[in-house]
Amino acid sequence: MTRARLALLAAMVALVAAFFAFGLERYFSLDYFRAHQSAIESLVRARPYASAATYFGIYVAVAGLSLPGAAVMTLAGGAIFGFAWGTVLASFASSLGAMLAFLSSRFILHGWVRARFGERLRGIDRGLETQGAFYLFALRLVPVFPFFLVNLAMGLTPMRAWTFYWVSQAGMLAGTAVYVYAGTTLAEFRLSLELALALTLLGVFPLIARKGIEARQARRVYARWRRPARFDRNLVVIGAGAAGLMAAYVAAAAKAKVTLVEKHRMGGECLHTGCVPSKALIGSARLLARMRRAGEFGIRPVDPACDFAQVMERVQRVVKAVEPHDSVERYTALGVECLRGEARIRSPWSVEVSNAGGTRTLHTRSIVIAAGARPFLPPIPGLDEVGALTSDTVWELRELPRRLLVLGGGPAGCELAQCFARFGTRVTQVEKLPRLLAREDPEFSERLALRFRAEGIDLRLDHEARALRQENAEKILLAEYEGREVRIAFDQVLCALGRVANTGGYGLEELGIPLNAGRTIQTNEYLQTLYPNIYACGDAAGPYPFTHAAAHQAGYAVANALFGRFRKFRVDDSVIPWATFTDPEVARVGLNETEARRDKVPYEVTLFAMEDLDRALADGEAHGLVKVLTAPGRDRILGATIAGEHAADLIVEFVAAMTHGIGLEKLLRTIHIYPTLAEANRH
């Protein structure tokens, strides 16, 4: 920071400190104005121009230095100078003061902030380039943040100074006029109809302004579309996965006329290729592992052979058993119209459905996009040639691979790697990061890695896949490790590197609905897209790729779609849990220590090792860890992570506690049945 910047910063800090040190804030209160009302009015009558200039200068200084008192100054302007002159003086003084704060912030901090956080601010900069003036105008009309914070924050952006000034002048004018009008009635210091009206207007003005902004946005985005004369349904839901099914269910329960469109199979990824089959496979693998560890219980060890084809047939039987819960028959009985076909959004109120029987156009008041996601296939040379498996296609296997290469150390990669290793496959797991489950704390990653190595999985951490080749009838992965090339032979490769949202092929491009940097559909806090009547939820909207998160979002999306004209609900994703169903299971909710350190969140840690838990000892599963983060000096829970047997079930107690504001002390006073694994939470 240059000397000039340091000097200006020091001067401003000194002025602010002097303001409070000399108690000048007492002059900026209605009590002071009331006590000196007569003297002030006499001075204004005697020297009107000098009084106006003095008022103007003081107001500019207060706003420019971000001092408290601007609201009182505005009210006083109305009381002293009347509505017309008070509005002119307060409006220009507040805008000029805001401009000085903006320029000071830019001069002192802009370069430092850009140098330190420039990469993170690029997304914000892009938005400000196209919508900056509108965003600022909205902030001025609807004061979500204090004006002085807006002044300082905008100085750190690339917004032009002239744009900042005129938008601030226009945006603050209506609110300033309301305050000045209130000031004209406050001068009488009695309760009157005018004063009550002014105070009421002060309270409802932000709501009116917000509605006006929303109406303007809606007119702008709908301008090129022709609204249908009538609607034949309340809601069309695109996609019958976890989010789509929940959306249709909630809409039908509310007696809405709802159509659910699915191009493939009801139940989506969760039923057919995700949660249900993977947990069935994990159950079989875990049973085999326990039978092989029978010697630990003093039972004659057994080494059961794995008939992989029978295991995979059992997986399909489990899917068939669950399938009726997500069937067309069930949802039709609930009152949902279920259509099979390709959906395409033709306008904000019309969806075209195409199938073998032809094309049909549905006219609807609202649309919920629940299009899900698909496995991500990275651009690794040779991946197509070797025939990679994914979490969608691995269920077609009926012959156990002799050597399986698993690309990815995230939840799906870890779950499937352990399953196949327990069935007897020689598994090599490649992860370019230094540990498995990189989102979790290191000690949980290490626990899982130790178990994997003990079960014979060849972990290759810090290995980056470069290419896959077919050499002399053998498949080879070329990876980079510590600057050198590593060759890994395999028979089958499973690509488990996450999923990507389905955002193409159903009309988003034609409507101009934007996507986030992560290629998910961009929504606001109410799950609305660019068009207020089109909502998105689940994997297509992100950010949490979990079935329970998708269902959670779907409830909010439908409530807003059906009842948003009367009341809208912000989606609450502050307490979203998840679990990786390896052995040991790893489950988490809220912050972990890695994130708390990264984000500089103060915390305290409480640990309990399950090695000493009576029930874990009795079950032969005496391993695991409960780790809880709390606010320093308080028992408010910031987050919890559990590794061990049934961790995904145990975490629910902490999920409930965080959701309802219950601290550790109340959990301690909750009676837990003995002997259970849940006692670990109490300990």
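Helices (H or I, at least four residues) and strands (E, at least two) are DSSP runs, numbered from the N terminus. Residues are numbered from 1 along each chain as its sequence is written. This is a predicted model, in which local features need pLDDT of at least 70, side-chain atom pairs count only at pLDDT 80 or more, and totals for chains, interfaces and linings use all residues, while side-chain values use heavy atoms, with hydrogens and water left out.

**Start with confidence.** Colour the chain by pLDDT, the predictor's confidence in each residue, from 0 to 100. The protein chain averages 88, and 90% of the residues score at least 70. Confidence is lowest in helix H6 (residues 122-141), with a mean of 64, and highest in strand S9 (residues 426-431), at 98. Where pLDDT is low, the predicted coordinates should not be read in detail.

**Select Val 13.** This residue belongs to helix H1 (residues 3-21). Its relative accessibility of 48% makes Val 13 partly exposed; buried means under 20% relative accessible area, exposed over 50%, and partly exposed in between (1.4 Å probe, protein chains only).

**Move to Thr 259.** Beyond its neighbours within four places in sequence, Thr 259 is in contact (heavy atoms within 4.5 Å) with residues including Arg 233, Leu 235, Glu 337 and Leu 362.

Select Cys 270, which is buried at 15% relative accessible area, and Cys 275, which is partly exposed at 27%.

**Go into the largest core.** A nonpolar core is a set of buried Ala, Val, Leu, Ile, Met, Phe, Trp, Tyr and Cys residues joined through side-chain atoms within 4.5 Å. The largest one has 36 residues, and those with the most contacts inside it are Leu 281, Phe 423, Val 427 and Leu 436. Among the elements that give two or more residues to this core are helix H12 (275-292) and helix H16 (411-423), and H16 provides the largest share, 7 residues. Centre the view on Leu 281 and, leaving aside neighbours within four places in sequence, find its contacts, including Val 311, Trp 395 and Phe 423.

**Finish towards the end of the numbering.** In the loop between strand S16 (534-536) and helix H19 (547-563) lies Pro 543, joined to Gly 542 by a cis peptide bond with omega about 0°. Then select His 646, in the loop between S21 and H22, which has a positive phi of about 60° although it is not a glycine. Most residues other than glycine have a negative phi, and most peptide bonds are trans. Next, helix H22 (residues 647-659) has 13 residues and reaches 18 Å from its first C-alpha to its last, close to the 18 Å expected at 1.5 Å a residue, where the expected span is 1.5 Å times one less than the number of residues. Its buried residues include Leu 650, Ile 651 and Phe 654. The buried residues of H22 pack against several elements, among them strand S20 (624-630) and helix H23 (664-668).
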